Amino acid sequence: MILYLHGFRSSPQSHKATLMAHAMQERGLQDRWICPQLPASPYEAIKLCKQLVQQAQARTGVDLSDGLAVIGSSLGGYYANCLAEHWKCRAVVLNPAVHAARDLATQVGEHNMYHSDAPFVFLPEYVNELAEMATGRPADPSRYYLLAAKGDEVLDWREMADWYAGSHGHILEGGDHGLTGFEHWLPEVLNFALGSTPTDPIPKI
């Protein structure tokens, strides 16, 4: 079972989420795919994720430590880290926010969603929620897969590489925050999320 978490201002209609949903459908695993629209409040986002996974667990009987993977992009990567430490499950983080409270403090105010132009407000208290849910570095980096682009124009790939040292995955030359060309890495990402470990650990920088 995969729980996919989009980034700030994004949605389940994002390019990466759409590609992964289609890939899961092609494998006949669409009933093991969860990709919610996340509330602006980090507290409410995490609460929703836990509710959805608990419902899926009750329906399928899946062992969360072995049968669940959380995939998150950008801010969703921060959420994925928090939830993976909570459930002790696998996680894939895609250009993840490592210090989310610091980085999102600059985003307090009114915004529009990328895929609908719907307005929403990111409140100052949401920054506090991000700080309060911080879990620290992964207790077991082998349960993580990092895909980070050196060309990320929003977040610092060095922080990602340092935070997730020892995890599986790749540090990409060039690229961008949205991970243009993600379809090239999708099979490997999906295989890891579904239980295989295809890559060597990322070395410390």
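**View 1. Glu-44 in helix α2 of the predicted model.** Glu-44 lies within helix α2, which covers residues 42–60; helices here are DSSP runs of H or I with at least four residues, strands are runs of E with at least two, and both are numbered from the N terminus. This is a predicted model, in which local features need pLDDT of at least 70 and side-chain atom pairs count only at pLDDT 80 or more, whereas totals for chains, interfaces and linings use all residues. Residues are numbered from 1 along each chain as its sequence is written, and side-chain values use heavy atoms, with hydrogens and water left out. Tyr-126 is 82 residues away from Glu-44 along the chain, yet the C-alpha atoms of the two are separated by 9.9 Å.

**View 2. Gly-109 in strand β5.** Gly-109 belongs to strand β5, made up of residues 109–112, and is partly exposed, its relative accessible area being 23%. When residues up to four places away in sequence are not counted, Gly-109 touches Phe-120, Val-121 and Phe-122, where contact means heavy atoms within 4.5 Å. Between Gly-109 and Phe-120 there are 8.5 Å from C-alpha to C-alpha, at a sequence separation of 11 residues.

View 3. Ser-74 sits in the loop between β3 (69–73) and α4, and its phi is near 60°, a positive value in a residue other than glycine. Ser-74 counts as buried, at 12% relative accessibility. Asn-95 occupies the loop between β4 (90–94) and α5 (100–104); although not a glycine, Asn-95 has a positive phi of about 40°, and at 0% relative accessibility it counts as buried.

**View 4. Leu-3 and the nonpolar cores.** The largest nonpolar core has 45 residues, and those with the most contacts inside it are Leu-3, Leu-68, Val-70, Tyr-78, Tyr-79, Trp-87 and Leu-130; such a core is a set of buried Ala, Val, Leu, Ile, Met, Phe, Trp, Tyr and Cys residues joined through side-chain atoms within 4.5 Å. Helix α4 (residues 75–87) supplies the largest share of this core, with eight residues. Leaving aside neighbours within four places in sequence, the contacts of Leu-3 include Ile-34, Pro-36, Cys-49, Val-53, Leu-68, Val-70, Leu-83 and Trp-87. Apart from this core lies another, of 22 residues, among them Tyr-4, Ile-71, Tyr-145 and Phe-192.

**View 5. The protein chain as the setting for the close-ups.** The secondary structure of the chain comprises eight helices and eight strands. The radius of gyration of the chain is 16 Å, close to the 17 Å that the globule rule gives for 205 residues, so the chain is as compact as a globular protein of that length; the radius is taken over C-alpha atoms, and the rule is 2.2 Å times the number of residues to the power 0.38. Along its principal axes the C-alpha trace spans about 40 × 40 × 30 Å, and 50% of the 205 residues count as buried. Of the contacts with a separation of 6 or more, 68% are accounted for by residues 24 or more positions apart.

Terms used:
Buried means under 20% relative accessible area, exposed over 50%, partly exposed in between (1.4 Å probe, protein chains only).
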